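Morning, everyone. I have one structure to go through today, and I will keep it short. Please have a look at it first.

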Amino acid sequence: MVTLVRALQSQGFGTRRHCALRVRRGEVAVNGVVCDDPDAEFDQDGLTFMLDGTAWPYRPRAYLAMYKPAGYECSHKPSHHPSVFSLLPPPLIQRGVQCIGRLDQDTTGLLLFSDDGQFQHRMISPKRHVAKIYRATCAAPVTDEQLAALQSGVHLNDEPGPVAALMCERIDGHTLRLALAEGKYHQVKRMIAAAGNHVAALHREAVGAYRLPEEIKPGQWRWLAPDALTRLEQAWPSDPS
Ligand code: URA
């Protein structure tokens, strides 16, 4: 059981005092019924608040998937473009969701967010080999030699040994699909440059066995259901779906 004021605070609706004020003003409905007692107790399971015309199911931890559009930076303090955080509602920022790994401002596709530090760590740890799957459109036609180099390993500055894709395949003359276990700085662009080509456009299609759902449009986000979390943690899918 949890008091209404604590539950609201934990979900990012502001300080305890601010949440209590809103409750007393009758601005919060719980499971469809207005409740003006901040200390009223509720079972967390199935708890849904209604505030400002939006229904908020109570979630102990937040897990989200966004279709990152081009022209957004993965930083709270962006330098040249708007922040991906500006695409999320304020309570999610307030409760401290962070993006898991970063995509360049011009990269599009699947971007994950959470306020669960252990989950963030598991998703980005190179030891766990959770695959990040990208579609890269190259400026020049992709040669067999370039494909072979990406599969066997290319040399990147500051890396002690060759860096290889977990998987790399040609989709058409200019397009590659490749999977990486790590998320080094500009890794796809640097690997493709080291192989002798240049990335003209980059899109992340999937992480682990979780594919960006088709119904999410650029700039939109969704809560991740438990089955999606399981798929995200599958290290290397034979067929992401
Ligand atoms: N690799 C890159 O070069 N850029 C990204 O945004 C992600 C992976």
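Just after helix H2, Gly-26 takes a positive phi of about 80°. Helices here are DSSP runs of H or I with at least four residues, strands are runs of E with at least two, and both are numbered from the N terminus. This is a predicted model, where local features need pLDDT of at least 70, side-chain atom pairs count only at pLDDT 80 or more, and totals for chains, interfaces and linings use all residues. Residues are numbered from 1 along each chain as its sequence is written, and side-chain values use heavy atoms, with hydrogens and water left out.

Which residues of H2 are buried? In H2, residues 16-24, they are Cys-19, Ala-20, Arg-22 and Val-23. Buried means under 20% relative accessible area, exposed over 50%, and partly exposed in between, with a 1.4 Å probe and protein chains only. Looking down the axis of H2, the buried residues fall within an arc of 160°, so they line one face of the helix. That arc is taken from the directions from the helix axis to the C-beta atoms. The face turned away from the buried side of H2 carries Arg-17 and Arg-24, both exposed.

What do the buried residues of H2 pack against? They pack against helix H1 (4-10) and strand S5 (48-51). Contact means heavy atoms within 4.5 Å. Leu-4 touches Val-23 and Phe-49, among others.

Now Thr-108, which lies in strand S9, residues 108-114. Thr-108 is buried, with a relative accessible area of 18%. The residues touched by Thr-108 include Tyr-67, Leu-103 and His-203.

Key:
Lists of a residue's contacts leave out its neighbours within four places in sequence.
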